[in-house]
Amino acid sequence: MTPVLELVDLEVRYGSVPALRGISLVVERGEIVTLLGANGAGKTTTLRTISGLHRAHSGSIRFNGRPIQALAAHDVVGVGVGHVPEGRRIFPRMNVLENLEMGAYRRRGELKDDLERIFRLFPVLGERRRQDGGTLSGGEQQMLAIGRAMMSHPDVLLLDEPSMGLAPLVVKAIFSIIDQIRADGTTILLVEQNATQALQLADRGYVLENGDIVMSGPASQILGDQRIRAAYLGEGAAS
Ligand SMILES: Nc1ncnc2c1ncn2[C@@H]1O[C@H](COP(=O)(O)OP(=O)(O)OP(=O)(O)O)[C@@H](O)[C@H]1O
Ligand SMILES: [Mg+2]
């Protein structure tokens, strides 16, 4: 079966400084795959390059077998890649409904069913539909950012550190919603520093170090790896 998303020898530079040194990665339909790594490893760069927000220096990005690395960012959304950016980036002066509608800007017609679907996943967003995005709690803003990306009906959802800055109970809620989104048929590529929880949720994982993938495999195998435990899952890990 053709993977839904495939990176082959992807190299990205900022000026002459390499950020990704030729990484290869596969996401199969229906999976949750997590991409782990310390600050500055290249996780955000990977997602932004998939989304067409950065250009690769070399290598390829295939979506359902089709090269997409030359597409403009809005066309990448159009083919079925949703991106929930690091730091959420919701529109603070727009209310919840308006934020969600922005996620559907490429579509015409009735959004009612889509909004209902989002409000089923995130009841709190339905309750607060008229509240400005900027006045939502951190967890609610994260839900809004995920909901906004879901409005474009992505085949694959790229999530950049959805747990960042959130209390443990809220993180648990967000992770369980991610699992629900996958169960509803959306494939997930999840970037996290919260490695233990991400690996408990994911099917497989990749570990990035300095722009290189240094380990990949079933999530349970990475969770059990001594070296990875010391580097990312120990008490001293960055959070
Ligand atoms: N716009 C940019 N210009 C120059 N260098 C950049 C730019 N964006 C990122 N970098 C550099 O590329 C490397 C990878 O950054 P990236 O943001 O992808 O890391 P990350 O794994 O997402 O880190 P974090 O966990 O802190 O979010 C870092 O060394 C960073 O300083
Ligand atoms: Mg990042």
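Glu86 is partly exposed, with a relative accessible area of 31%. Partly exposed means between the cut-offs for buried, under 20% relative accessible area, and exposed, over 50%, with a 1.4 Å probe and protein chains only. This is a predicted model, where local features need pLDDT of at least 70, side-chain atom pairs count only at pLDDT 80 or more, and totals for chains, interfaces and linings use all residues. Residues are numbered from 1 along each chain as its sequence is written, chains are lettered from A and ligands numbered from 1 in the order in which they are written, and side-chain values use heavy atoms, without hydrogens and water.

**The magnesium site**

Glu86 (OE) and Thr44 (OG1) coordinate the magnesium ion, ligand 2, at 1.9 to 2.2 Å. Donors are N, O and S atoms within 2.8 Å of the metal (3.2 Å for Na, K and Ca); water is not among the atoms, so sites may look incomplete. The pair links distant parts of the chain, 42 residues apart. Thr44 sits in helix α1, and Glu86 lies in the loop between β6 (81-84) and α3 (96-102). Helices (H or I, at least four residues) and strands (E, at least two) are DSSP runs, numbered from the N terminus. Thr44 is also partly exposed, at 21% relative accessible area.

**Ligand 1**

Around ligand 1 there are 13 residues, and the closest are Gly40, Lys43, Thr44, Thr45 and Glu86. A residue counts as near if one of its heavy atoms lies within 4 Å. Helix α1 (residues 43-50) gives the largest share of this shell, three residues. By class, the shell has four nonpolar, six polar and three charged residues. Gly counts as polar here, while Asp, Glu, Lys and Arg count as charged.

| Side chain | Ligand 1 atom | Distance |
|---|---|---|
| Tyr14 | nitrogen | 3.4 Å |
| Asn39 | oxygen | 2.9 Å |
| Thr45 | oxygen | 2.5 Å |

On its own, ligand 1 has 630 Å² of accessible area, and the protein covers 57% of that. These areas come from the Shrake-Rupley method with a 1.4 Å probe.

**Helix α1**

How many of the residues of α1 are buried? Six of its eight are, and the helix is mostly covered. They are Lys43, Thr45, Thr46, Leu47, Thr49 and Ile50. Gly52 follows α1 and has a positive phi, near 85°.

**Strands**

Strands of a sheet pair through backbone hydrogen bonds, either parallel or antiparallel. Pairing here needs at least two DSSP bridges between two strands. Four strands form an open antiparallel sheet in the order β2-β1-β4-β5. Its edge strands, β2 (17-27) and β5 (66-67), each pair on one side only. Strand β1 (residues 5-14) runs antiparallel to β4 (residues 58-63), joined by five bridges. Glu11 stands opposite Ser58 in β4.

Strand β9 (residues 204-209) has five of its six residues buried, so it is largely enclosed by the rest of the structure. Four bridges join it, in parallel, to β3 (residues 32-36). There, Leu36 has Val207 of β9 as its bridge partner. β9 also pairs with β10 (residues 212-218), antiparallel, over six bridges. Gly205 stands opposite Gly217 in β10. The two strands β9 and β10 form a hairpin with two residues between them, and Asn210 in the turn has a positive phi of about 55°.

**Helix α7**

Ser176 belongs to helix α7 (residues 168-183). Ser176 is partly exposed, at 47% relative accessible area. Leu201 is 25 residues from Ser176 in sequence and 8.4 Å away in space, C-alpha to C-alpha.

Key: Polar contact = N/O pair within 3.5 Å; in protein donor to acceptor, adjacent residues only side chain to side chain.
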